[in-house]
Amino acid sequence: MSERIRNLISINDLSGAELERMLKLGEQIMEDPGKYSQVCRGRKLATLFFEPSTRTRLSFEAAMIELGGSVLGFSSADSSSAAKGESVSDTVRTVGCYADIIAMRHPKEGAPAAACRKAGVPVVNAGDGGHFHPTQTLTDLLTIKREKGRLDNMVIGLCGDLCFGRTVHSLIEAMLRYPGNEFVLISPEELRVPEYVRMLLNKAGARWQEVRKMETVMDKLDILYMTRVQRERFFNEEDYARLKDTYILDREKLKAARSDLSVMHPLPRVNEISVAVDEDPRACYFRQALCGKYIRMALIMTLLGLDREVRI
Ligand code: NCD
């Protein structure tokens, strides 16, 4: 009998134990990547990106290559048959004949969830509209674990576009699983987290607050997770122009922060972190980008059932 196909559409598709195991595997790969260099030999990953990406797509591809596998795919809807009017279902059903696992990004919320019903191989949501981005969350969790040594009892500031920023939604959901985490949501009125995220926070009984200015909370934070204003999800350019530079983290603002603060950002950055901050040891966004490759290696192995062959 064939085993059930595993997908990753939302971070909640993973149990606490699976998450733990994947983070451990990610760290092990990071420490000794050579040991895993042939694990996916003969396997293929397809990256179907209907929306732009640098880190997510390339880290998926680098992950598969470093596991000894190969990659195929497209990086924009224009270069696929979507431009001719093909449905996502038909594209995915076809690609399922060519690849062993699919990573898919799409501007429509729910597209990867619909796709996984047709693919016949594991599908990973690499970002669907303003909805979810579970592999960024895995990246963020591995980064926090490495930077802080724990995932609980932290004061986490999330700043910027908390309305359309899908990485924020998935990260809050994940961090609610660990006890004692407190959330400080820093955004302009128009870019507050959606109602369903507020409900999740309340349901979990977490401590959380919404503020407008980062200066007022800077000294309390263990983590400051910056995000860009998501221009592509705005209805008009004037609103974007008005809101885009609401927050710019610079060296001056960091003076009020703790010495053990971790500044994170899923990237790409536009203007919200001054480049002068990059040299500050508290800036960990490029280390975060590196974690993205290792955790995706662990994810690919897990979804293909190859993690059972190594001792974790
Ligand atoms: C994020 C995304 O695509 O949601 N980027 C990423 O995957 N690293 C954040 C963003 O685009 O602002």
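Met 297 touches Ile 29, Ala 63, Glu 66 and Leu 67, not counting residues up to four places away in sequence; contact here means heavy atoms within 4.5 Å. This is a predicted model, in which local features need pLDDT of at least 70 and side-chain atom pairs count only at pLDDT 80 or more, while totals for chains, interfaces and linings use all residues. Residues are numbered from 1 along each chain as its sequence is written, and side-chain values use heavy atoms, with hydrogens and water left out.

- Met 297 belongs to helix H10, which covers residues 285-303. Helices (H or I, at least four residues) and strands (E, at least two) are DSSP runs, numbered from the N terminus.
- Met 297 counts as buried because its relative accessibility is 0%. Buried means under 20% relative accessible area, exposed over 50%, and partly exposed in between, with a 1.4 Å probe and protein chains only.
- From C-alpha to C-alpha, Met 297 and Pro 194 are 31 Å apart in space, and they are 103 residues apart in sequence.

**Helix H1**

- Helix H1 (residues 16-31) has 16 residues and reaches 23 Å from its first C-alpha to its last, close to the 22 Å expected at 1.5 Å a residue. The expected span is 1.5 Å times one less than the number of residues.
- The buried residues of H1 are Leu 19, Met 22, Leu 23, Leu 25, Gly 26, Glu 27, Ile 29 and Met 30.
- Helix H5 (134-148) and H10 are included in what covers these buried residues of H1.

**The parallel sheet**

- Four strands form an open sheet in the order S2-S1-S3-S4, with parallel pairing. Two strands pair if DSSP finds at least two bridges between them.
- Strand S2 (70-74) and strand S4 (123-128) are the edge strands, each pairing on one side only.
- On average, neighbouring strands of this sheet are turned by 15° against each other, direction ignored. Axes are lines fitted to C-alpha atoms, for helices over the stretch in contact, and angles run from 0 to 180 degrees between N-to-C directions.
- Strand S3 (residues 101-106) pairs with S4 in the parallel sense over four bridges.
- Helix H3 (residues 88-95) packs on the sheet and touches strand S1 (44-49), S2 and S3; the direction of H3 makes about 155° with that of S3.
- Opposite Val 123 in S4 stands Ile 102, and opposite Val 124 in S4 stands Ala 103.
- Six of the six residues of S4 are buried, so S4 is largely enclosed by the rest of the structure.

**The ligand site**

- The residues around the ligand are Thr 56, Arg 105, His 133, Gln 136, Arg 166, Thr 167, Arg 228, Gln 230, Pro 266, Leu 267 and Pro 268. A residue is near a molecule or strand if one of its heavy atoms lies within 4 Å of it.
- In the side chain of Thr 56, an N or O atom is 2.9 Å from an oxygen atom of the ligand.
- Gln 136 has a polar side-chain atom 3.2 Å from a nitrogen atom of the ligand.
- Pro 266 places a backbone N or O atom 2.9 Å from a nitrogen atom of the ligand.
- A polar contact is a pair of N or O atoms within 3.5 Å; within protein, one must be able to donate a hydrogen and the other to accept it, and residues adjacent in sequence count only if both atoms are side-chain atoms.

**Thr 143 in helix H5**

- Thr 143 lies in helix H5 and counts as buried because its relative accessibility is 0%.
- A polar atom of the side chain of Thr 143 lies 2.7 Å from the backbone oxygen of Thr 139.
- Neighbours within four places in sequence aside, Thr 143 is in contact with Met 264, Cys 284, Gln 288 and Cys 291.

**Backbone features**

- Most residues other than glycine have a negative phi, and most peptide bonds are trans.
- Leu 267 and Pro 268 are joined by a cis peptide bond, with omega about 10°.
- Leu 267 lies in the loop between strand S9 and H10, has a positive phi near 65° and is buried, with a relative accessible area of 11%.
- Pro 268 is in the loop between strand S9 (262-264) and H10.
- Asn 153, which is not a glycine, has a positive phi of about 50°.
- Asn 153 is found in the loop between H5 and strand S5 (155-159) and is partly exposed, with a relative accessible area of 47%.
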